[in-house]
Amino acid sequence: MFSQALTVRADSIARHLETIFLFTQNDIRTTLIPVTIFALSAAPRYDPIHAWHAPLWIWFHLLQFDIANQIQDPEEDRKNKPSRPIPAGRISVDNAADIRWVLVPVCLMLSLWYGTQALLASTVFAVFTIWYNELHGDKMGLSKNVLTAILGGCLEVGGTVAAGSNSRIDKVGALAVALSSAVFATTLHAQDFKDEEGDRLTGRCTLPTIFPKAARFSMMLGIPLWSFVLSHVWKLDALSTAAFVAYGAYVGIRFVMYDTVGADKQSMD
């Protein structure tokens with residue numbers, strides 16, 4: 001009897017943990033892994049013992065954002081992303097909202113362990129998460145780009161601080177975060193091209209729906225330009241710079257020459 005009850009309880013806990021994980025599943029490859037790599041690379045005093053702290057800090061904040069985002073329009077997710085926890089019936093909107101707000105102090109307390117810079121990054125992240133989701137800052141193209149760049153920068157700062165052994169980010173790390181945020185702010189609309197038709201039908205304003213041609217040409221110019229700037233800042237050799245810029249130009253030209261949904265998805269990948 002006791003063992004059966006224990007098994008049922010274990011199954012219930014496992015299901016709840018799986019539900020929590022599913023909120024962030026789609027962002028593991030696109031956000032958690034690359035930001036963790038950034039953090040481990042930018043940490044001023046990399047300590048292998050602290051390496052796991054970076055993905056832990058990043059994941060908790062990513063969970064805060066993802067739940068806040070997914071409780072905004074569950075009906076749209078029911079149509080387009082039915083495997084997410086809310087449309088799949090694994091958790092109600094109200095219960096997800098409770099977790100979303102509990103995560104704010106949880107993330108702040110976690111950040112306090114890593115020092116002032118991590119706490120500041122967590123605080124700014126919480127504020128701009130509200131702006132992006134509850135205040136619908138994601139509904140405008142330029143606003144979405146800037147807000148996402150700021151949120152990404154916060155993840156990079158907090159992850160970098162958590163990965164190091166001195167709880168601070170140095171000048172090189174700060175420059176890397178600034179450049180990364182600038183790149184995000186000016187090129188993030190690349191991910192909106194594949195959803196352009198659906199965004200027009202729902203009335204969502206993104207740069208591709210407001211300025212369709214200009215947005216595509218901005219990719220053709222922006223990606224190789226940023227490739228050159230980053231190569232110059234980080235002092236890559238001439239051959240590496242040429243390869244980096246050439247690949248950036250190839251991707252940028254693809255956005256102009258091929259404008260189907262399939263092509264846009266391939267360009268993003």
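Predicted model: local features only at pLDDT ≥ 70, side-chain atom pairs only at ≥ 80, totals over all residues.

Helix pair. I looked up H3 (residues 53–70) and H5 (residues 93–112). Their axes come within 9 Å and cross at roughly 150 degrees. H3 and H5 are therefore roughly antiparallel. The crossing of H3 past H5 is left-handed. I then listed the contact residues. H3 contributes Trp57, Phe60, His61, Leu63, Gln64, Ile67 and Ala68. By class, the contact holds twelve nonpolar residues, three polar and one charged.

Cores. I found that the largest nonpolar core has 36 residues. Phe23, Trp57, Leu63, Ile67, Ala96 and Tyr114 have the most contacts inside this core. Elements giving it two or more residues are H1 (2–24), H2 (28–42), H3, H5, H6 (116–132), H7 (141–163) and H8 (171–187). A second, separate core has eight residues, including Ala190, Ala215, Val251 and Phe255. I also checked Tyr114. Leaving out residues up to four places away in sequence, Tyr114 touches His53, Leu56, Trp57, Val161, Ala162 and Ser167.

Backbone. His136 has phi near 60 degrees and lies in the loop between H6 and H7. Its relative accessibility is 43%, so I logged His136 as partly exposed. Lys235 has phi of about 55 degrees and sits in the loop between H11 (212–233) and H12 (238–257). At 70% relative accessibility, Lys235 counts as exposed.

Note on methods. Residues numbered from 1 in each chain as written. Heavy atoms only, no water. Axes fitted to C-alpha atoms, helices over the stretch in contact; angles between N-to-C directions. Helix = DSSP H or I, 4+ residues; strand = E, 2+ residues; numbered from the N terminus. Parallel < 35°, antiparallel > 145°, perpendicular 65-115°, else oblique. Left-handed = near helix turned anticlockwise from the far one by under 90°. Contact = heavy atoms within 4.5 Å. Nonpolar A, V, L, I, M, F, W, Y, C, P; charged D, E, K, R; others polar. Core = buried A, V, L, I, M, F, W, Y, C linked by side-chain atoms within 4.5 Å. Buried < 20%, exposed > 50% of the residue type's maximum accessible area, 1.4 Å probe, protein only.
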